[in-house]
Amino acid sequence: MVKKQSTEHPPVQSERRSFLNTIWMVLGAVALGEAAWLITSFLKPRKRKIHQGDFGGAITAGPVSSFTNNTVTAFPRGRFYLSRLDDGGFLAVSRQCTHLGCTIPWEEKEKLFICPCHASAFDIFGNAVKSPASRALDIFKVYIENQTVYVDTGQMIKRSEFRKEQAVYSTAPGSKA
Amino acid sequence: MNTHTENDQKHFISRFRRSISPGPIIPRTDKERKSAVINFFALHIHPPTVPETVLRFTHTFGLGGMALVLILIQFGTGILLKFAFEPTPMTAYASIQSLQTKTPFGQLIRNLHHWSASLLVMIIFLHMLRVYFTGAFHSPRQFNWIIGWAIFACVLAANFTGYLLPYDQLAYWAVMVSTGMLGYIPVIGPTLQSFFLGGADVGPATMRIFFAFHTALLPVIVLILAGFHFWRVRKAGGVVVPRASLAEISDNNQVRVPVLPNLLMRETVTALVLIAGILAFSVFFNATLGDPANPGLSPNPTKAPWYFAGFQELLLHIHPAFSVFVIPLAITLFLMLAPYINFDDNSEGVWFVSPKGRRMAIISGVLSVLLTLVLILIDDYAATGIKILNSIPPEISQGALPTFILMIGMGLFYRLMKSRFSATNNEAVQSVFVFIMTALIVLTIVGAVFRGKDMALSLPW
């Protein structure tokens, strides 16, 4: 049996050796990085195919004239409420409470969205009027074509409070009911 | 006798048996018992002998062992449930229903899994208190304290991921609000939230992710960490040896007794009593299954699972960024790093450091209960009347300000206890520990039991 007695190497070799060690370290780091890349790409949520009229796509809400001023209409499939404001402006507010994500019903009597989970309340503009929620309800993009209201539920807009330019108006004359 | 054994060895069956374990099946002499402990894999977590004084039940209350038994019950019942459960939102609820009504013992197995999961959280918490109050965190046990917390975190995560699976209203909305809390963590919160939900809200992706965590990743991690935890206890020379006072020097030459039968008998009895208790409880009390999950209808009130009810309660009083991030982070850091404080004494094995420490602990606990309740009541009924608070932004009036006051308050409390009782830092840190733990328990009980409709304070009866 031949067995090397000495594990000490002459100094000439040690430089090459430490260079090789560095290479191994770098390769190890690269391998770890690749594994991390592989795992994160594997686990990343994928975009699901959205069917016509479902949440995530564009939804036809209906003709402008079918919504009277100062009313709120629920669109359960689109997960939003369409608010028609006092001045005829449209606002599509998300039904998800900005506090912890519960689904809020519209209470016609109080004219408020009241969260059943922690009693946050929001007005017709989606503004938070009662804590614990501190932020207005998210809104979706609204557009009006040929006197028909459409809501793009693929684009959720976060906001802290209602501003005038968020409301969308029908341009045709006499549409203001 | 000798010739008999030699004869035995000639038989194939006997040789096969001896290849598994060379010792006799039932060890009869002390020597045989010791070698049985050393040679048998499952018993090898024990040394062959232990000091007689650690055997007393009131020294450890057998809590670590109970936690292991409950984890094993989780594995056993969980594997059975896996054969019955269909992990998609469309089928999960129905599969649980059919498990409960059609599968023989289906309800019982689910009850066992459900109740022992909750009990496990409590037992681990009590075990942590026992370890702290007997000073079993001093060197060389410091890192094992951290491993223990890691196990606790995994068990909480396992409980929480399991909470969603029945997919009833309770499960769906509890997961919605709990992951909603996650979203308030600064910077990484929203990313974390959408990772665990697998999208914007609870749905099929959430179920897949939670199921993978619950039935694969977390059990494996818990098993590995538990093994590590037990190994570290063994490396530290077994459980901490009790002492009557700090003056008593730990005696390494004290009477040692063989683990088999002295410790193993006690462990077996504890395990059997625990199993009998949890079985009896599961026969009489069913795990709830409410209405099927309905994403369009949030129940009133919607609560987080009971072990997160403390955070939920805090969330009602303090701005989210502070109640779900800053305060829990500060408490976790304090708890994890407490063993690394440069202590005046090594209080290993002495309950509450000293009689004075015990007195200070009781005072801190009572103060904490009173103060926490008073603060909750003030915030619920009186704080809205304070107009000055409404004129400054909520991040400060409901977030930074109360958090700052609480932290300064804890610092002052430490100073006060230390000087008032002319105490060592062991005793003063212990007071702070008791204060925080008691506050957490009070918050959890108030949040889980005394919150009714609209999350208003109400009596549960």
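1. The domain assignment of chain B gives domain 1 (61-241 + 275-305) and domain 2 (316-461); such bounds come from an automatic or database domain assignment. Taken over C-alpha atoms, the centres of domain 1 of chain B and domain 2 of chain B are separated by 26 Å.

2. A word on conventions before going further. This is a predicted model, in which local features need pLDDT of at least 70 and side-chain atom pairs count only at pLDDT 80 or more, while totals for chains, interfaces and linings use all residues. Residues are numbered from 1 along each chain as its sequence is written, and chains are lettered from A and ligands numbered from 1 in the order in which they are written.

3. Now to where the two domains of chain B meet. Here 20 residues of domain 1 of chain B are in contact with 22 residues of domain 2 of chain B, contact being counted if the C-beta atoms of two residues, placed from the backbone, lie within 7 Å. On the domain 1 side, the elements that give two or more residues are α7 and α8 (142-164) of chain B, and α8(B) gives the most, with four residues. Helices here are DSSP runs (H or I, at least four residues), numbered from the N terminus. By class, that side of domain 1 has 14 nonpolar, five polar and one charged residues. In this scheme Ala, Val, Leu, Ile, Met, Phe, Trp, Tyr, Cys and Pro count as nonpolar, Asp, Glu, Lys and Arg as charged, and the others, Gly among them, as polar.

4. Have a look at α7(B) itself. This helix (residues 106-133) has 28 residues and reaches 40 Å from its first C-alpha to its last, close to the 40 Å expected at 1.5 Å a residue; the expected span is 1.5 Å times one less than the number of residues. Just after α7(B), Gly135(B) takes a positive phi of about 60 degrees.

5. α8(B) also packs with helix α11 (residues 204-235) of chain B: their axes come within 9 Å and cross at roughly 155 degrees. Axes are lines fitted to C-alpha atoms, for helices over the stretch in contact, and angles run from 0 to 180 degrees between N-to-C directions. α8(B) and α11(B) are therefore roughly antiparallel to each other (the term is used for angles over 145 degrees). By class, their contact has 19 nonpolar, seven polar and one charged residues.

6. Finally, the contact between the chains takes 12 residues from chain A and 22 residues from chain B. The chain A side has eight nonpolar, four polar and no charged residues.

Definitions and conventions: Parallel < 35°, antiparallel > 145°, perpendicular 65-115°, else oblique.
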